[in-house]
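Take a look at the chain below. The report after it walks through the fold step by step.

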Amino acid sequence: MIQARAAGLIPPEDASPTLIEAARAALGDLPRGAMVFHDLRHYYTSLLIRRGASVKVVQARLGHKSAAETLDTYSHLWPDDDRTRDAVDSVLGAVPADSLRTAHPVAA
C-alpha cells in the first residue's frame, strides 16, 4: 500500500474531497465486477481478523478513530463462537458446574 501511495495510485490521507472526486473521475467507468482499491482494504481487514487480530489492532491498522467504528463495519467478520467456556475449562478443568455445588451437600 505504501508503494501504491508513493506511485500516486492512492490519494494522500489528507486528500480533499475534490481531489478524491477527480481521482474517481479519472478511473472512468469500470467494468462490472472490477476490483477497486477499497476492495483491497476490506480484503486486508478480513485477513487480519481471520488470523486473530484484535479489534484494537485492526482499528490501528485501518486508522479508525475508535474501535466502535471498526466494529460497526467489520463485526460480522469476527467469530461468534463462545470462547469463554473454553477459557474457564482450561483453568478449572472440565468439571460440571453442578458437581461443584452438589459434591458435598450441607447437612440440614
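## About the model

This is a predicted model, in which local features need pLDDT of at least 70 and side-chain atom pairs count only at pLDDT 80 or more, while totals for chains, interfaces and linings use all residues. Residues are numbered from 1 along each chain as its sequence is written, and side-chain values use heavy atoms, with hydrogens and water left out.

## The whole chain

The protein chain has seven helices and zero strands. Here, helices (H or I, at least four residues) and strands (E, at least two) are DSSP runs, numbered from the N terminus. Read from that end, the order of elements is α-α-α-α-α-α-α.

Of the 108 residues, 13% are buried. Buried means under 20% relative accessible area, exposed means over 50%, and partly exposed lies in between (1.4 Å probe, protein chains only). The accessible surface of the chain is about 9,200 Å², and carbon and sulfur atoms hold 58% of that. Such areas come from the Shrake-Rupley method with a 1.4 Å probe; for residues, only the protein chains shown count as cover.

Now consider contacts, meaning heavy atoms within 4.5 Å. Among contacts in the chain with a separation of 6 or more, 23% join residues 24 or more positions apart.

## Where H4 meets H5

Helix H4 spans residues 55-62, and helix H5 spans residues 67-74. Their axes come within 9 Å and cross at roughly 95°. Therefore H4 is roughly perpendicular to H5. Axes are lines fitted to C-alpha atoms, for helices over the stretch in contact, and angles run from 0 to 180 degrees between N-to-C directions. Angles under 35 degrees count as roughly parallel, over 145 as roughly antiparallel, 65 to 115 as roughly perpendicular, and the rest as oblique.

Which residues make the contact? H4 brings Val55, Lys56, Val58, Gln59 and Leu62, while H5 brings Ala67, Thr70, Leu71 and Tyr74. Six of the contact residues are nonpolar, two are polar and one is charged. In this scheme, Ala, Val, Leu, Ile, Met, Phe, Trp, Tyr, Cys and Pro are nonpolar; Asp, Glu, Lys and Arg are charged; the others, Gly among them, are polar.

## The nonpolar core

The largest nonpolar core has seven residues: Leu48, Ile49, Ala53, Val58, Leu62, Tyr74 and Trp78. A nonpolar core is a set of buried Ala, Val, Leu, Ile, Met, Phe, Trp, Tyr and Cys residues joined through side-chain atoms within 4.5 Å.

Look at Trp78. Leaving aside neighbours within four places in sequence, Trp78 contacts Ile49, Ala53, Ser54, Val55, Val58, Thr70 and Leu71.

Thr70 sits in H5. Is Thr70 buried or exposed? Thr70 counts as buried because its relative accessibility is 0%. Beyond four places in sequence, Thr70 touches Val55, Val58, Gln59, His64, Ser75 and Trp78.

Gln59 lies in H4. Gln59 is buried too, with a relative accessible area of 9%. Its C-alpha atom is 9.5 Å from that of Thr45, 14 residues away along the chain. Glu69 belongs to H5. Glu69 is partly exposed, at 34% relative accessible area.

## Helix H6

Gly93 follows H6, and its phi is positive, near 85°.
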